[in-house]
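The structure goes in here before the notes.

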Amino acid sequence: MAEVNMNKVTCGVIGVGHLGMHHARLYSELENAKLVGVFDTDTLRAKVIADQYGCEAFPSVAALAKKCQALSVVTPTTMHAATAIPLLEAGCHLLVEKPLCTNLAEAEAMIAAAEAHHCILQVGHVEHFNPVNGYLETHVRAPKYITADRLSPFPNRGTDVGVTLDLMIHDLGVVLQLVRSPVRSIEAIGIGVLSQTEDIANARLHFENGCIADFNTSRVSTKKERTLRIFQPGGYLSMDFMAQSGHRVWKEAGCIRQEAVPLQKTEPLKAELKSFIDCILHAHAPKVDGYVARSALSTALEITRQIQSKGLVS
Ligand code: NAD
């Protein structure tokens with residue numbers, strides 16, 4: 001790991017595909033970050049992104065890590081743990097994209113490596129940095145019923161894992177943080193349509209505190225949707241993560257009232273990376289650490305297990 005620079009954190013990106021290029025772009029723009037370089041097994045792609053954002057394309061992860069205090073791991077999910085653990089052991093602070101990894105043994109190993117080597121391990125649950133989530137954190141008090149709909153056209157990438165680990169995990173992470181009660185039971189179904197893993201998944205979570213949450217996720221939709229509705233005594237909130245908008249509905253003096261919620265639009269990924277850099281500079285714990293990500297992963301893995309056990313995916 002490079003020497004600590006208290007003004008600008010030296011940063012690199014491993015895996016500069018669809019999402020990793022945006023990590024590179026944002027590190028090149030953030031005031032307290034300096035983009036040093038990128039690495040990708042696709043060397044041509046690495047060169048294109050390095051030229052675009054004015055940094056170096058490194059020949060190996062190890063060569064890049066030597067020059068950086070902080071790295072984003074934005075490889076396919078199946079490669080997260082194998083990429084991240086040696087970096088944590090070398091003392092690099094990491095932002096690992098979601099889902100943290102593909103099984104709980106890997107998650108434990110990553111958390112243990114981060115703790116043993118005093119590194120920040122932040123996980124890319126980007127909706128936690130969406131202003132919609134900021135609003136929900138202060139306005140959800142006693143949720144009784146929640147519906148989460150996340151629909152997307154088929155991506156032709158990210159299909160190394162099913163739609164539960166790829167997309168539903170965003171909503172699982174948000175809802176687990178809002179309900180703050182242990183999950184009592186899970187019922188899930190799902191089917192594969194265009195890939196070897198599930199492309200559509202539906203899950204119902206029953207929480208110990210009585211709240212129920214329904215998750216409806218698809219990556220074979222013709223439309224894009226990311227909505228969350230939260231029903232609690234006295235009214236409900238209907239929120240749109242994509243539009244960064246929403247409204248609340250409540251009863252007052254016998255009448256039903258409705259108003260738009262005031263939200264300041266942001267780029268959630270920028271807020272996420274800025275927060276990562278701030279955690280490094282000020283030795284703060286990240287908002288989405290390994291434990292938060294592990295909890296979402298554990299729930300997503302149980303949903304995946306139930307779906308696979310029903311034999312509807314190959
Ligand atoms: P992608 O296929 O577009 O990009 C992955 C890149 O990693 C490719 O350029 C590939 O050549 C490179 N790569 C593969 N193996 C590598 C290795 N061992 N070392 C270095 N580079 C390697 O995929 P993507 O859509 O950018 O997804 C990457 C990760 O980001 C996944 O974990 C995905 O779940 C996550 N993701 C998160 C969000 C979000 O909203 N937070 C959105 C999209 C993707």
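**Entry: a loop residue.** I went to Arg180 first. Arg180 sits in the loop that links helix 7 (163–179) and strand 8 (183–191). I read its phi as near 50 degrees, a positive value in a residue other than glycine. Most residues other than glycine have a negative phi. I keep in mind that this is a predicted model.

**Entry: a peptide bond.** Next I looked up the bond from Lys98 to Pro99. The model has this bond as cis, with omega near -10 degrees. Most peptide bonds are trans. I then asked where Pro99 is found. Pro99 belongs to the loop between strand 5 (93–97) and helix 5 (104–116).

**Entry: the domains.** I turned to the domain assignment of the protein. Domain 1 is given as 9–126 + 269–289, and domain 2 as 128–266 + 299–309. I note 17 residues from domain 1 in the contact, and 13 residues from domain 2. The C-alpha centres of the two domains are 27 Å apart.

**Entry: the area between them.** How much area do domain 1 and domain 2 bury between them? I wrote down about 1400 Å², with 64% of it on carbon and sulfur atoms. On the side of domain 1, the residues that lose the most area to domain 2 are Lys98, His125 and Lys287. Together they make up 38% of what that side buries.

**Entry: polar links across the domains.** I counted two salt bridges between domain 1 and domain 2. I also found eight residue pairs in polar contact between these domains. Helix 8 (residues 268–282) gives the most to the side of domain 1 that touches domain 2, with three residues. By class, that side has six nonpolar, eight polar and three charged residues. The side chains of Glu137 and Lys287 form it, at 3.0 Å from N to O.

**Entry: salt bridges in the whole structure.** My search of the whole structure gave 17 salt bridges. I picked out the one between Lys47 and Asp51. Their closest N and O atoms are 2.7 Å apart. Both residues lie in helix 2 (residues 43–52). They are four residues apart, about one turn of the helix.

Conventions: Residues numbered from 1 in each chain as written. Predicted model: local features only at pLDDT ≥ 70, side-chain atom pairs only at ≥ 80, totals over all residues. Heavy atoms only, no water. Domains from an automatic or database assignment. Contact = heavy atoms within 4.5 Å. Buried area = accessible area lost by both parts, 1.4 Å probe. Salt bridge = Lys/Arg side-chain N within 4 Å of Asp/Glu carboxyl O. Polar contact = N/O pair within 3.5 Å; in protein donor to acceptor, adjacent residues only side chain to side chain. Helix = DSSP H or I, 4+ residues; strand = E, 2+ residues; numbered from the N terminus. Nonpolar A, V, L, I, M, F, W, Y, C, P; charged D, E, K, R; others polar.
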